[in-house]
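Please find below a note for discussion, arranged as numbered points. It should be read alongside the model itself.

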Amino acid sequence: MKLATDLILASESPRRRDLLSQLGLKIRVVPSGICEKIDANVAPHNIVQDLALKKALAVSRRESTALTLGADTIVVHDGNVLGKPCDADHARMMLRRLSGTTHTVYTGIALIHPKTERQSVACEAASVTFGQLSERAIEAYVATGSPLDKAGGYGIQNDWGSVFVSRIDGDYYTVVGLPLHRLYVILRDDFPDLLIV
C-alpha cells in the first residue's frame with residue numbers, strides 16, 4: 001500500500017510503527033506530546049477517539065501538507081479503565097485482575113489532512129479473555145519490563161502476553177493498538193485520492 005502524501009504517526013508506539021511498516025507505508029514519527037489524562041466518566045469509545053484526535057491535531061498543526069494519524073488504546077475491565085501501569089507493582093495488580101476474566105480493548109484512530117480540511121475519527125473494540133495466570137508467570141512477565149508501556153499491563157504480541165490470552169472476539173490488531181482493517185476502510189472511503197493501492 002502507498003499514499004500520495006507523507007504519513008505522520010503522532011505516536012511513539014513501536015507497535016503502531018511496525019504495523020504501518022507491515023502495510024508497506026513509509027512514515028515519519030512525530031510524537032504529539034499531549035497529556036493523556038483519562039476522564040473515567042466518559043464512555044471508553046469517546047476516550048480513545050478524543051485522545052487519538054488530540055494527538056493528530058497537535059501534530060497536524062505543524063505538518064500541514066501531510067496526512068497525520070493519531071491513535072490511542074485503553075483496556076476496560078468491569079467498567080474500570082486500565083491505562084499503562086505506573087510501576088511493576090501496578091502491572092502485577094492489573095495482571096492479577098485480568099486473570100481468568102474477560103475485558104474489552106478499545107482503540108481509537110484519527111486521520112487529519114489539513115491541506116484538504118478533512119478529518120476522520122473511528123473506534124474499534126475487541127473482547128479479550130485471559131486464562132488463569134500463575135504468580136510465577138506474572139512475575140516472569142513483569143520482570144521483562146514489557147508491561148510498563150502497555151494499556152492493561154500486557155501486549156498480546158509479546159511472548160508472555162500472547163500465551164495469557166485464551167480468546168479474542170474482534171480484530172486482533174485493535175488489541176495490538178492499530179485496527180488495520182478500519183484504517184484501510186477510512187483511507188479508502190474518506191481519503192481515496194491519497195490512497196494508492
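Leaving aside its neighbours within four places in sequence, with which residues is Thr129 in contact?

1. Basis of the note. This is a predicted model, in which local features need pLDDT of at least 70 and side-chain atom pairs count only at pLDDT 80 or more, while totals for chains, interfaces and linings use all residues. Residues are numbered from 1 along each chain as its sequence is written, and side-chain values use heavy atoms, with hydrogens and water left out.

2. Surroundings of Thr129. Beyond neighbours within four places in sequence, Thr129 is in contact with Thr101, Thr102, Phe164, Val165, Ser166 and Arg167 (contact: heavy atoms within 4.5 Å). Thr129 lies in strand S7 (helices are DSSP runs of H or I, at least four residues, and strands runs of E, at least two, numbered from the N terminus). Its relative accessibility of 18% makes Thr129 buried (buried: under 20% relative accessible area; exposed: over 50%; partly exposed: in between; 1.4 Å probe, protein chains only).

3. Polar contact of Thr129. The side chains of Thr129 and Thr102 form a polar contact at 2.7 Å (a pair of N or O atoms within 3.5 Å; within protein, one must be able to donate a hydrogen and the other to accept it, and residues adjacent in sequence count only if both atoms are side-chain atoms). Between Thr129 and Thr104, 25 residues apart along the chain, the C-alpha separation is 8.7 Å.

4. Aromatic pairs. The structure holds five aromatic pairs (rings of Phe, Tyr and Trp, the last by its six-membered ring, with centres within 6.5 Å; planes under 30 degrees apart are stacked, over 60 edge-to-face, the rest tilted). Phe130 and Phe164 form a tilted pair, with ring centres 5.9 Å apart and planes at 55°. Phe130 belongs to strand S7 (residues 118-130) and Phe164 to helix H5 (residues 159-164), so the pair ties together parts 34 residues apart in sequence. Both Phe130 and Phe164 are buried.

5. Four residues apart in helix H5, Trp160 and Phe164 are separated by about one helical turn. Trp160 is partly exposed, at 31% relative accessible area, whereas Phe164 is buried at 3%. Ring pairs link Phe130, Tyr141, Tyr154, Trp160 and Phe164 into a cluster.

6. Helix H1. Arg15, Arg16, Leu19 and Leu20 are buried in helix H1 (residues 14-22). Just after H1, Gly24 takes a positive phi of about 90°.
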